[in-house]
Amino acid sequence: MIQIKPINKSEYGNREFTYRFTTTGYYDIERSGAGLTLIRKPLPEPEEICDPAFMLESWLPDPDAYGAFEDNRLIGFVEGYLEKWNGRYWITNLHILDTQKRGAGIGTALMARIQTAACQSGARMIALETQNNNENAIAFYLKNGFTPIGLDLYFYSNTDPEKHNVRLLLGKLLR
C-alpha cells in the first residue's frame, strides 16, 4: 500500500535523484487571444531525457514536501512553497522516482496533497515549470486543471528552441 507522508528538509534536503523521462514529441506554443495554445509535434525518434536533480534544495524558503512511500521506500515526492509577496504557490518538483510506478495514480495523490497545502497557505494560484518536450508531464498537468501561463525560450541554454527544450510555465487559479 502506498502512503503519502510529509517529508522534511533535514532528512531529504539536497538529496540527489535522477530526473528521467522518455518523450516521443514536444509542444510548440502559439499565442491565441490572451492565452497560449499547445500544439503537439512528433519527434523523428523517441528521446530519453536524464539529468541529475536535487530534492528540497537549500534555496527553497520554508517548503512543503510530501513523499509517496511503499514499504518505507520513497517512490515519489512533491515539494512547493508560497511566494508571500504575490500569493502564488510554486510547485518546484513533482517526480515519481520509480519509473515502473508511473501511471498508477501516485502523481495524482501527490498533486492533491500539495494543492491542499497551497490552499491552506492562502495562495491565490499554483504555478509550476516543465519543459515543452515532457509530453507526459504536460498531459498530467492539463488533466489536473493547469493551463499554459508563460514560457521562456532561452532559460536552459541559447539553443533551447532548436532542441525542443523550452521552459513552459503552467498555472491553476485557486480563488
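**Exercise 1.** In this predicted model, determine how many residues line the largest pocket and which of them lie nearest its centre.

*Solution.* 
Step 1. Count the lining: 47 residues surround the largest pocket.
Step 2. Pick out those nearest the centre, which are Y19, L94, H95, N134 and Y141.

**Exercise 2.** Find which elements give two or more residues to the lining of the largest pocket, and which element gives the most.

*Solution.* 
Step 1. The strands that reach this threshold are β2 (16-32), β3 (35-54), β5 (73-83), β6 (88-96) and β7 (125-131).
Step 2. The helices that reach it are α2 and α3.
Step 3. The top contributor is β6, with seven residues.
Step 4. Sort the lining by residue class: 23 are nonpolar, 14 polar and 10 charged.

**Exercise 3.** Describe how helix α2 and helix α3 are placed relative to each other, and state which residues make their contact.

*Solution.* 
Step 1. Two packed helices are described by the angle and the distance between their axes.
Step 2. For α2 (residues 106-120) and α3 (residues 135-143), the axes come within 11 Å and cross at roughly 50°.
Step 3. The handedness of the α2 and α3 crossing is right-handed.
Step 4. On the α2 side, the contact is made by G107, T108 and M111; on the α3 side, by F140, Y141 and K143.
Step 5. By class, the residues of this contact are three nonpolar, two polar and one charged.

How values were computed:
Residues numbered from 1 in each chain as written. Predicted model: local features only at pLDDT ≥ 70, side-chain atom pairs only at ≥ 80, totals over all residues. Heavy atoms only, no water. Axes fitted to C-alpha atoms, helices over the stretch in contact; angles between N-to-C directions. Helix = DSSP H or I, 4+ residues; strand = E, 2+ residues; numbered from the N terminus. Left-handed = near helix turned anticlockwise from the far one by under 90°. Contact = heavy atoms within 4.5 Å. Nonpolar A, V, L, I, M, F, W, Y, C, P; charged D, E, K, R; others polar. 1 Å grid on protein atoms, 1.4 Å probe; cavity = no way out; pocket = protein on both sides within 12 Å on 5 of 7 lines; lining within 4 Å.
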